Amino acid sequence: MGKLLWIIIVALIAFWLLGFVMKVGGGLIHLLLVIAGIIFVIQLLTGRRSV
């Protein structure tokens with residue numbers, strides 16, 4: 001499950017950068033990036049590591 005979250009986070013950051021450069025996506029991609037950031041912080045704070 002942790003690996004899937006990392007894939008989602010990386011994909012959202014890539015789409016955010018693409019949208020930032022091309023001026024598309026609007027507020028939706030920013031909202032998704034914030035959600036990904038929250039998931040990332042929660043995963044770091046819980047300390048669960050999957051190898």
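How many aromatic pairs does the structure hold? The structure holds 1 aromatic pair, and the following paragraphs lead up to it by way of the chain as a whole. The model is a predicted one, in which local features need pLDDT of at least 70 and side-chain atom pairs count only at pLDDT 80 or more, while totals for chains, interfaces and linings use all residues. Residues are numbered from 1 along each chain as its sequence is written, and side-chain values use heavy atoms, with hydrogens and water left out.

The protein chain contains 2 helices and 0 strands. Both terms refer to DSSP runs numbered from the N terminus: helices are H or I runs of at least four residues, and strands are E runs of at least two. Of the 51 residues in the chain, 14% are buried. A residue is called buried under 20% relative accessible area, exposed over 50%, and partly exposed in between, using a 1.4 Å probe and protein chains only. The chain exposes about 4,300 Å², and carbon and sulfur atoms supply 80% of this area. Such areas come from the Shrake-Rupley method with a 1.4 Å probe; for residues, only the protein chains shown count as cover.

The aromatic pair is formed by Trp 6 and Phe 40. Rings of Phe, Tyr and Trp (its six-membered ring) pair if their centres lie within 6.5 Å; planes under 30 degrees apart count as stacked, over 60 as edge-to-face, and the rest as tilted. Here the centres are 5.1 Å apart and the planes stand at 80 degrees, an edge-to-face arrangement. The pair links distant parts of the chain, since Trp 6 belongs to helix α1 and Phe 40 to helix α2 (residues 26-46), 34 residues apart. Trp 6 counts as partly exposed because its relative accessibility is 38%, and Phe 40 is likewise partly exposed because its value is 29%.

Ala 36 counts as buried because its relative accessibility is 4%. Leaving aside residues up to four places away in sequence, Ala 36 touches Ile 9 and Leu 12, where contact means heavy atoms within 4.5 Å. The C-alpha atoms of Ala 36 and Leu 12 are 7.3 Å apart in space, although the two residues are 24 residues apart in sequence. Ala 11, in helix α1, is partly exposed at 30%; its C-alpha atom is separated by 9.7 Å from that of Leu 33, 22 residues apart along the chain.

Attention may now turn to the surface. Phe 15 lies in helix α1 (residues 2-22) and counts as exposed because its relative accessibility is 52%. Phe 15, Leu 18, Val 21 and Met 22 make a nonpolar surface patch of about 450 Å². Patches are made of residues with over 30% relative accessible area and no salt bridge: like charges are joined within 9 Å, and nonpolar side chains (Val, Leu, Ile, Met, Phe, Trp, Tyr) within 5 Å. A salt bridge is a side-chain nitrogen of Lys or Arg within 4 Å of a carboxyl oxygen of Asp or Glu.
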